[in-house]
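Open the model in your viewer and keep the selection panel at hand. The tour goes stop by stop: what to select, then what is there.

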Amino acid sequence: MASFLIRGGARLKGTIEISGSKNSSLPILAATLMSDEKCRLHGVPRLSDIDSMIKLLEVLGCHVVRHEPKDASLLDGPVLNGPLDVEVRDSHNYMADYEIVKTMRASISVLGPLLAKRGHAVCSLPGGCAIGDRPIDLHIRGLQKLGAQFHIEGGNIVGEVRGRLKGCSMFLGGPQGPTVLGTINVMCAATLAEGKTHVVGAACEPEVVDCAELLIKMGAHIKGQGTAEIYIEGVDALHGAEHHVIPDRIECGTFMLAAAITNGELLLKNGNLDHLVALTDRLDEVGVRTESVNGMIHVSSSRRLYPVDMTTQPYPGFPTDLQAQLMALLCVADGFSVITERIYPDRFMHVSELNRMGARVRKEGPTAIVQGMKELQGTTVMASDLRASAALVLAGLAARGTTRIDRVYHIDRGYEKIEQKLAAVGAQIERVAEVKAAA
Ligand code: EPU
């Protein structure tokens, strides 16, 4: 297992190219299962979660080819990716087995496409997760409303459609608000259903819109994506399409916070500030300036960072996927901040690791109270989940001395070439083989 060694204190300066969105690419890849022809996707990042989804598509009979990039990047950072083609060659299998699902919960995204296109789907039930309980009841409820029948068998959710799915009206909200992948699952399935579907309480995240845009290019009739009400009129078949995945707003936000925590100045190429309004609002109060310059995002930070309060919410609210990284920044702000997690109330694994670096964070239920300190100290910490790991990288960049982050495979699930991108703008970061502690 690999670790990161980060020598803190370097001010980041330069340009970073933002990759295509992981959370858009995953359900978009699953949606290609419904196409009768080849789909070409641009901007799909090289990440271990994407590799898992590609493996799943291959098991489900798809031929997947990743092309090499044509042009070298004009920037100093690493060269990103060429297009990826997906073509369904064999539609017999409909089983997403445990070996893949256990590594990646987003495997559940194949449920809607498989039921709509193949009439059957077997998906191993995703198990526990480091960020808390993550049920799939809303996915099931929505697909049931469209006429699918489900039962549990040997740890699998087994779904079946007699005839064709049928459009209907449904409410898809849950106790924590809307579901992103649940909305996408239902939207995908409804594109091939008979008649009209009206989803109320839909997730409004840009990733839902991106998947809808691909489906529309494939011939689907969808309206209202990006709002809480989506209207879908079913079609008989979907054809091939070419699509550019949106930039990864969470990766972009993480680099914005990296500029802020190092008192640095970054230009982010290919980012979309419109997707990050809640973050820029908080950063503005902290004293970090963000603006669009020649189509890029310019981030610069003042020496003094002010504390802020923040509550995570569904889009367009502050994203839960940036909560840990903002907390790392607030650990070195000048005063007390209060962070409340409304999407995953247990998503605080980073708190104890940040405290090991000298932070003062106290957790009370779904809230964390952060007392800003003058500085953090480098030490050995452990990555526990994807975004918690990103928070530790940010803390390490700002800390005095050297920070070693173990188990960085969590980070490789969601940040493409992160150490290369950071090193290109001045960070002192390297990937090393994990040092085993003496018994
Ligand atoms: N929920 C239910 N029932 C369901 C589904 C969700 O109660 O059937 C609850 C969840 O427990 C949570 C809330 O609804 O409290 C929102 O969960 P959602 O379904 O929206 O999450 P998701 O679609 O499974 C995606 C991202 C997550 C991100 C969330 C919230 C992907 C692959 N994953 O998950 O990303 O945190 O939306 O924005 O798109 C990450 O990238 O680190 C990550 C965890």
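A salt bridge here is a side-chain nitrogen of Lys or Arg within 4 Å of a carboxyl oxygen of Asp or Glu. Keep in mind that this is a predicted model.

**Stop 1: salt bridges**

Select Arg362 and Glu364. They form a salt bridge, with the closest N and O atoms 2.3 Å apart. Arg362 is partly exposed at 47% relative accessible area. Glu364 is partly exposed too, at 44%.

How many salt bridges does this rule give? The count comes to 21.

Now pick Glu265 and Lys13. Their side chains meet in a salt bridge at 3.6 Å, N to O. This pair links distant parts of the chain: Glu265 sits in strand 15 (residues 265–269) and Lys13 in strand 2 (residues 13–17), 252 residues apart. Glu265 counts as partly exposed, at 27% relative accessibility. Lys13, at 51%, counts as exposed.

Is Asp406 buried or exposed? Asp406 is buried, with a relative accessible area of 9%.

Finish this stop with Lys22, Asp49 and Arg413. A network of salt bridges links these residues.

**Stop 2**

Zoom in on strand 1 (residues 2–7). Strand 1 pairs with strand 24 in the antiparallel sense, over six bridges.

**Stop 2: helices 8 and 9**

Select residues 249–261, helix 8, and 277–286, helix 9. Their axes lie 11 Å apart and pack at an angle of about 10°. Angles under 35 degrees count as roughly parallel, and helix 8 and helix 9 are therefore roughly parallel to each other.

Which residues meet here? From helix 8 come Gly253, Met256 and Leu257; from helix 9, Leu279, Thr280 and Leu283. This contact has four nonpolar residues, two polar and no charged.

Stay on helix 9. Its buried residues are Ala278, Leu279, Thr280, Arg282, Leu283 and Val286. They pack against helix 8, strand 16 (288–293), strand 18 (309–311) and helix 10 (323–330). Step just past helix 9 to Gly287, which takes a positive phi of about 105°.

**Stop 4**

Go to Ser124, in strand 7 (residues 120–124). Ser124 is buried, with a relative accessible area of 3%. Beyond its neighbours within four places in sequence, Ser124 is in contact with Ala96, Asp97, Tyr98, Val101, Gly155 and Asn156.

Then jump to Ala212, in helix 7 (residues 206–217). Its relative accessibility is 0%, so Ala212 counts as buried. Not counting residues up to four places away in sequence, Ala212 touches Met187, Ile222 and Gln225.

Key: Residues are numbered from 1 along each chain as its sequence is written. This is a predicted model: local features need pLDDT of at least 70, side-chain atom pairs count only at pLDDT 80 or more; totals for chains, interfaces and linings use all residues. Side-chain values use heavy atoms; hydrogens and water are left out. Axes are lines fitted to C-alpha atoms, for helices over the stretch in contact, and angles run from 0 to 180 degrees between N-to-C directions. Helices (H or I, at least four residues) and strands (E, at least two) are DSSP runs, numbered from the N terminus. Angles under 35 degrees count as roughly parallel, over 145 as roughly antiparallel, 65 to 115 as roughly perpendicular and the rest as oblique. Contact means heavy atoms within 4.5 Å. Ala, Val, Leu, Ile, Met, Phe, Trp, Tyr, Cys and Pro count as nonpolar, Asp, Glu, Lys and Arg as charged, and the others, Gly among them, as polar. Buried means under 20% relative accessible area, exposed over 50%, partly exposed in between (1.4 Å probe, protein chains only). Two strands pair if DSSP finds at least two bridges between them.
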